[in-house]
Amino acid sequence: MATFLYRLGRFAFRRRRYVALVWVALLFLAGFGAASASTPSASSFSMPGTEAQKAFDLLEQRFPGGSADGATARIVFKAPAGKTMNDAANKAEVAKVVDELPKGSKQVASVTDPYQANAVSKDGSTAYISVKYKVNGMALEDSDRESLEDSGKAAQKAGLTVEIGGDALQAKPETGSGEIIGVVIAGIVLMITFGSLIAAGLPLVTAIIGVGIGVSTITALANVLDLGNTTSTLASMIGLAVGIDYALFIVSRYRAELREGRDREEAIGRAVGTAGSAVVFAGLTVVIALCGLAVVNIPMLTKMGVAAAGTVVIAVLIALTLIPAVLGFTGKRVFGRRTRKKMEAGTVEAPTEAKPNMGTRWSSFVLRKPIWVLLAGVIGLGAVAVPAASLEMGLPDDGSQPTSTTQRRAYDTLSDGFGPGFNGPLMIVVDGARAGGAKAAADRTSDTIKKLPDVAEVMAPALNKEGDTATITVVPKSKPSSKDTEDLVHSIRDAGKDIKSETKAEVLVTGATAMNIDFSQRMNDALLPYLALVVGLAFLLLMVVFRSILVPLKAALGFLLSVVAALGAVVAVFQWGWLGGLFGVENPGPIMSMMPIFMVGVVFGLAMDYEVFLVTRMREAFVHGERPGQAIVTGFRHGARVVTAAAVIMIAVFSGFIGASDQMIKMIGFALAIAVFFDAFVVRMAIVPAVLALLGSKAWWLPGWLDRILPNVDVEGEGLKAHAAKASDGDDDRELARV
């Protein structure tokens with residue numbers, strides 16, 4: 001592989017104008033596709049095989065025109081102190097809103113009058129209008145949302161408090177200026193690392209080009225592939241981080257080769273042949289982790305993973321082709337002015353002769369105290385991981401929104417007036433097709449549910465025209481994300497089994513709350529198989545790279561430690577509320593259901609970047625004859641500064657998303673940033689060298705039979721020596737022939 005990448009790097013260098021032109025053309029082509037694509041509609045959320053999804057599909061079939069997947073909204077009214085919503089004047093204001101809503105949007109399917117639907121609180125202080133739309137929240141036009149938001153303004157002027165909740169106000173998450181700050185920090189770090197404006201700007205520019213191509217392609221294909229609104233955000237988050245890192249690795253190695261005295265073409269060939277090999281395998285681990293999300297069997301999550309993996313592939317290709325091409329234009333300006341002058345004067349020391357840097361000093365310290373460093377790292381991360389034992393999972397709802405939003409205020413008003421359960425009613429679907437009708441089974445189901453604990457109200461069953469299906473709305477006493485509500489869902493499902501055995505009618509529980517519960521269960525069930533798949537495939541991949549069993553095993557165990565510690569930090573901040581104000585967490589609650597499995601996928605791939613880049617330099621030194629301890633020092637001398645810079649950049653990029661308005665994006669940004677911090681600075685920079693120091697030469701042991709089976713990919717660039725010697729002999733022969 002090293003020889004192939006070496007040739008690819010030299011080719012890109014020689015044909016730099018054409019290579020650069022191709023990438024610019026791809027950027028414009030993707031941009032044109034995104035600009036000409038129709039506005040993406042909302043991605044359909046489905047969970048094949050779950051009871052909630054089965055009930056949802058049944059509703060669409062048995063209640064045609066009912067807009068089962070349509071957006072919903074609740075316009076919540078609160079009367080002024082000393083008055084009630086039953087006062088004639090207030091009832092008149094609500095009636096105006098009920099009449100005007102269908103006129104303001106063609107997508108309104110139904111509007112429920114609170115005075116006819118028993119939607120007025122017992123004390124009369126609160127009432128709400130339920131609005132159902134024909135399409136889902138993301139498919140609504142801005143004019144539809146504006147009409148909804150304007151509907152209660154007249155009532156507000158009359159003295160009523162009016163707030164609006166529901167997914168009808170759902171919009172694309174806004175991440176604000178956080179990403180820009182992250183990119184600026186990345187630029188500063190690159191400037192400090194390289195001491196050259198051109199060298200610092202190169203990884204940023206190429207990473208932005210890669211993200212531009214990836215996100216534009218996602219936007220262009222959003223409708224065709226039914227991609228969710230967070231897909232492009234995830235792709236840009238990961239693509240920007242790895243794009244900068246991969247470019248940083250190539251540029252850093254190129255500068256080192258120039259310092260060795262090689263000409264520019266040879267330097268870029270060797271940089272791509274060595275560091276490029278690490279980039280390829282690091283990228284493969286990320287792609288494996290992201291595409292592995294398909295095992296969860298949730299289409300939305302699979303598409304998110306594949307789309308983000310596509311952006312990572314683009315980042316790898318750019319690092320291998322566009323970076324060498326652009327370096328061809330920059331010449332030796334990848335160094336600062338002072339360094340260029342020293343190089344022209346021949347006074348620059350080669351890297352092997354350089355004075356000890358922070359990397360060598362730190363690695364030498366670890367070699368002297370490996371057991372103490374190992375214990376400190378493991379105990380420290382273990383302490384941070386303790387809160388993970390209290391993990392509670394769920395999905396964010398309007399209750400997790402900032403208090404400045406009308407959705408959150410509507411949520412709180414409903415909770416105060418009717419009880420927390422009104423924010424997450426359950427929909428019970430009674431399928432009586434095999435029972436000769438649903439009415440008797442529905443009445444039996446309704447009576448059974450009323451006797452269950454944590455039930456606030458059970459609405460009268462509603463039959464379809466054929467009479468073979470009924471729906472029952474159940475309002476829990478507890479809020480949607482509580483454990484009591486989850487227990488109620490399981491209790492209803494258990495009772496439904498008895499009803500089915502007696503009446504042959506099937507009882508199914510669905511609704512947003514039930515979908516969230518089933519989603520969380522699906523995540524829990526898939527975590528171990530997914531972990532086994534991702535870690536297993538990556539273990540095999542790293543075994544091929546490092547020609548070792550213990551090094552990949554150490555890499556996998558270190559990753560698990562950093563992920564559990566990061567999950568503990570997430571629980572402490574977002575569930576317990578520690579330092580919540582610092583990160584904009586106004587209402588601590590359950591952790592997003594997909595967070596553990598998502599962290600396993602993304603963080604594993606990103607963590608392997610540092611493992612591959614840092615340890616391949618150690619492996620390279622060991623293969624070239626250095627002692628195990630000295631190989632560790634050599635690897636840190638060459639790689640510690642680059643890995644540190646790469647980690648700081650990635651942390652800065654991910655931290656930029658903590659300022660997002662969307663709770664899911666905020667949590668993902670924090671989780672990835674803290675996980676990279678733990679993995680890069682504790683695991684890879686401390687635990688890894690300590691373990692390698694204790695193992696010595698045994699770290700690089702591989703059974704002979706396995707060595708013969710595994711393909712030799714030559715990540716260390718050993719084959720480049722033979723290639724260079726052969727090229728040198730060829731040059732000598734041609735020179736002699738001319739004489």
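Reply: The largest nonpolar core holds 176 residues, and those touching the most other members are Ile244, Tyr246, Ile428, Met594, Met595, Phe654 and Phe670. A nonpolar core is a set of buried Ala, Val, Leu, Ile, Met, Phe, Trp, Tyr and Cys residues joined through side-chain atoms within 4.5 Å; buried means under 20% relative accessible area, with a 1.4 Å probe and protein chains only. Helix α23 gives the most to this core, namely 19 residues; helices are DSSP runs (H or I, at least four residues) numbered from the N terminus. A second, separate core has 24 residues, among them Val94, Leu101, Ile129 and Val162.

The model is predicted: local features need pLDDT of at least 70 and side-chain atom pairs count only at pLDDT 80 or more, while totals for chains, interfaces and linings use all residues. Residues are numbered from 1 along each chain as its sequence is written, and side-chain values use heavy atoms, leaving out hydrogens and water.

Beyond its neighbours within four places in sequence, tyrosine 246 is in contact (heavy atoms within 4.5 Å) with residues including Val279, Val286, Val312, Ala319 and Asp609.

The structure also holds 9 aromatic pairs, that is, rings of Phe, Tyr and Trp (its six-membered ring) with centres within 6.5 Å; planes under 30 degrees apart count as stacked, over 60 as edge-to-face and the rest as tilted. Phenylalanine 574 and phenylalanine 670 form an edge-to-face pair, 5.5 Å centre to centre with 65° between the planes. This pair links distant parts of the chain, 96 residues apart: phenylalanine 574 belongs to helix α20 (residues 550–575) and phenylalanine 670 to helix α23 (residues 663–695). Both phenylalanine 574 and phenylalanine 670 are buried.

Methods
Helices (H or I, at least four residues) and strands (E, at least two) are DSSP runs, numbered from the N terminus. Buried means under 20% relative accessible area, exposed over 50%, partly exposed in between (1.4 Å probe, protein chains only).
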